[in-house]
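Me: I have a new structure open and would like to learn how to read it. Could you take me through a few features, one at a time?

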Amino acid sequence: MDYVRLGNTGLKVSQVCLGMMSYGDPAKLAWTLPLDQAEPLIRRAVDGGVNFFDTADVYSAGESEVVTGKALRAIFPRREDYVLATKVYSQVGDGPNDRGLSRKHILDGIDASLRRLGTDYVDLYQIHRWDPETPIEETMEALNDVVRAGKARYIGASSMWAWQFAKAQHVASVNGWARFVSMQNHYNLLYREEEREMLPLCADQGVGVIPWSPLARGVLARAGSSTETARAGSDQRIASLYDPENDKLVIDRVAQLAADRGVPAAQLALAWVLRRSEITAPIVGATKEQHIDDALAAVSVTLSDDEAAFLEQPYRPREVRF
């Protein structure tokens, strides 16, 4: 496993980030794993060199943060040995201020996340989405205060329009506040709209890119296979983000090249994401040992320019989907 800088910071992260959405409370999401089943998979990732872990306050209604904190404390002898990221924005309670990016919700949210995680700080605190109801000045000042209080080392953002991201960075710059060091966006072989503006913006500004769903929520990992998974049968966002019929040409090419190369489709699809210079570390979910092994192996899979072009050629522009 290689370790790379997160954007222009001095922070070193593994080239694969383990997404912790897969761990939490099965009663809330059928395909999530409780602590006793999650910890062996997290250990396997750590043994392979992973030091970067991403969760959110909304995953399993906070239970993902609880499982993440307990597992990492059991595995790592020191808090300094791993990089922990979480997010704020989504609805986490019944009150009118239990969501969004107001100063109140951000300051309440970081304290609640730290309690669930069982730590004094997170390395990366991210806004999960853009909040159209809160002035960006209020949001950026509150995030700056979180950093200055030592509750987060860095701040990051997730899916939004490029102009929104640029505006937030400008507001932070002119006020001398902490800027976003990373962008967690939607990017994979089936969804490449980020190549238009967001990826060039991040490259120009030295922002790390840690894409979510690099395997299209498992759709690309199953290329060439008829195997159904628990997540495929219960994850409603798959249908809203992807259309297997329209995406069939790309999926078929992943399956064909994987067969020709003799590697799993998941490794091939991840290798394609990793070969782009803008990408720091894709966020990979795992509910089986093979998922971990494929993610680790993908770092060493090299695609030629011709192979990459073969995978890319059938893609057609699509509606922007966050």
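Me: Let's start with helices α4 and α5: is their crossing left-handed or right-handed?

Reply: The crossing of α4 and α5 is right-handed. Bear in mind that this is a predicted model.

Me: Which residues make the contact there?

Reply: On the α4 side, they are I136, E137 and M140. Helix α5 contributes K167, A168, V171 and A172. Sorted by class, this contact of α4 with α5 has 5 nonpolar and 2 charged residues, with no polar ones.

Me: At what angle do the two helices pack, and how far apart are their axes?

Reply: Helix α4 covers residues 136–148 and helix α5 covers residues 162–175. They pack at an angle of about 60°, and their axes are 9 Å apart. The two helices are therefore oblique to each other, since roughly perpendicular begins at 65 degrees.

Me: Now to aromatic rings. How is a pair of them described?

Reply: Two things are given: the distance of the centres and the angle of the planes. In this structure there are 7 aromatic pairs. One of them is formed by F53 and Y82, 6.4 Å centre to centre with 80° between the planes.

Me: What is the arrangement of F53 and Y82 called, and where do they sit in the chain?

Reply: The arrangement of F53 and Y82 is edge-to-face. F53 belongs to strand β4 (residues 52–54), while Y82 lies in the loop between α2 (63–75) and β5 (83–88).

Me: Are F53 and Y82 buried or exposed?

Reply: Both F53 and Y82 are buried. Y82 also pairs with F76, and that pair is tilted, at 4.9 Å centre to centre and 40° between the planes. F76 is buried as well, as is Y82.

Conventions:
Residues are numbered from 1 along each chain as its sequence is written. This is a predicted model: local features need pLDDT of at least 70, side-chain atom pairs count only at pLDDT 80 or more; totals for chains, interfaces and linings use all residues. Side-chain values use heavy atoms; hydrogens and water are left out. Axes are lines fitted to C-alpha atoms, for helices over the stretch in contact, and angles run from 0 to 180 degrees between N-to-C directions. Helices (H or I, at least four residues) and strands (E, at least two) are DSSP runs, numbered from the N terminus. Angles under 35 degrees count as roughly parallel, over 145 as roughly antiparallel, 65 to 115 as roughly perpendicular and the rest as oblique. A crossing is left-handed if the near helix is turned anticlockwise from the far one by less than a right angle, and right-handed if clockwise. Contact means heavy atoms within 4.5 Å. Ala, Val, Leu, Ile, Met, Phe, Trp, Tyr, Cys and Pro count as nonpolar, Asp, Glu, Lys and Arg as charged, and the others, Gly among them, as polar. Rings of Phe, Tyr and Trp (its six-membered ring) pair if their centres lie within 6.5 Å; planes under 30 degrees apart count as stacked, over 60 as edge-to-face and the rest as tilted. Buried means under 20% relative accessible area, exposed over 50%, partly exposed in between (1.4 Å probe, protein chains only).
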